[in-house]
Amino acid sequence: MNTTIAYYNEHAQEYIEKSRDLGDQRVEDYFLSLLPHSARILDFGCGSGRDLKYFREHGFRAEGTDGSEEICYRASQYTGTKVRKLRFLDLEDLQSFDGIWARASIMHLRRSELPAVFYRMTNALVDGGIIYASFPYGSFEGTKDGCWYTYMDENRIRKIIDSINSLSIEDAWFSRAADPEKAQTTWMNLILRKD
């Protein structure tokens, strides 16, 4: 994780310029439709702040975190709200959020760390709260282009989610990468609910 954070600190501006216009608002809108009006949202690993800004502009009480100091600084400037510097495994909020948005973020953890992070996210949700998470689809785990990536498939994610008593998969679907340079990458999208 330290290597990945160092990469984002060093390449923050390049990453933000490349990723800011790659969102798919259909996914954001679907996520928001599952939440009460003005729900509290954690954008967990908010990157450029693109989705965080969208949520706030649509009347939701959204806050962002990221592990990279440079990304936090630039996302704060872009969104007009302070982005908290936080590593995924340091999340300690309890029953604070109606929704947690983890688009292409927790994929930077090792597979062995994911159960603990899903457990922490579940604890941070109110009862009935939801998590959106996305991962590149497959079995790869390792370093690519200076960052750590963990790909997931149906069996691996189900094993993790089944290990957390109060969390269940509500919806799952596949999509293609929005980045033209990664158009061949298939993404697994998940909606999880705290029972």
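This section describes the fold, the nonpolar cores and selected residues of a predicted model.

The chain comprises seven helices and nine strands. Its radius of gyration is 15 Å, close to the 16 Å that the globule rule gives for 195 residues, so the chain is as compact as a globular protein of that length. Taken along the principal axes, the box filled by the C-alpha atoms is roughly 40 × 35 × 30 Å. Of the 195 residues, 50% count as buried. Among contacts between residues at least 6 apart in sequence, 66% join residues at least 24 apart.

The largest nonpolar core has 38 residues. Within this core, the residues with the most contacts are Phe44, Ile100, Ile106, Phe118, Met121 and Phe135. At least two core residues come from each of the helices α2 (12-19), α6 (114-124) and α7 (154-162), and likewise from each of the strands β1 (40-44), β4 (97-102), β5 (125-136), β7 (147-150) and β9 (186-194). Helix α6 gives the most, with five residues. A separate core of 19 residues lies apart from this one and includes Leu32, Leu35, Tyr54 and Tyr132.

The surroundings of Ile106 illustrate the packing in the largest core. With neighbours within four places in sequence left aside, Ile106 is in contact with Phe44, Phe88, Leu114, Val117, Phe118, Met121, Ala133 and Phe135. Among these partners, Phe44, Phe118, Met121 and Phe135 are also listed with Ile106 as residues having the most contacts inside the core.

Helix α4 spans residues 50-57, and its buried residues are Arg50, Asp51, Leu52, Tyr54 and Phe55. One of them, Tyr54, belongs to the 19-residue core. The buried residues of α4 pack against the helices α2, α3 (25-33) and α5 (69-79), and against the strands β1, β2 (61-66) and β4. Gly59 follows α4 and has a positive phi, near 85°.

Most residues other than glycine have a negative phi. Ala104 has a positive phi, near 50°, and lies in the loop between β4 and α6. With a relative accessibility of 27%, Ala104 counts as partly exposed. Phi of Asp145 is likewise positive, near 50°. Asp145 is placed in the loop between β6 (141-144) and β7, where it is exposed, with a relative accessible area of 64%.

The loop between β4 and α6 also holds Leu109. Leu109 is buried, with a relative accessible area of 2%. Between the C-alpha atoms of Leu109 and Val83, which are 26 residues apart along the chain, the separation is 20 Å. For Leu109 and Gly142, which are 33 residues apart in sequence, the C-alpha to C-alpha distance is 9.8 Å.

Gly142 is located in strand β6. Its relative accessibility is 8%, below the 20% limit, so Gly142 counts as buried. Beyond residues up to four places away in sequence, Gly142 touches Cys147, Trp148 and Tyr149.

Strand β8 covers residues 167-176 and contains Phe174. Phe174 has a relative accessible area of 43% and is partly exposed. Residues up to four places away in sequence not being counted, Phe174 touches Tyr137, Glu154, Thr186, Trp187, Met188 and Asn189.

Technical notes: Residues are numbered from 1 along each chain as its sequence is written. This is a predicted model: local features need pLDDT of at least 70, side-chain atom pairs count only at pLDDT 80 or more; totals for chains, interfaces and linings use all residues. Side-chain values use heavy atoms; hydrogens and water are left out. A nonpolar core is a set of buried Ala, Val, Leu, Ile, Met, Phe, Trp, Tyr and Cys residues joined through side-chain atoms within 4.5 Å. Buried means under 20% relative accessible area, exposed over 50%, partly exposed in between (1.4 Å probe, protein chains only). Helices (H or I, at least four residues) and strands (E, at least two) are DSSP runs, numbered from the N terminus. Contact means heavy atoms within 4.5 Å. The radius of gyration is taken over C-alpha atoms; the globule rule is 2.2 Å times the number of residues to the power 0.38.
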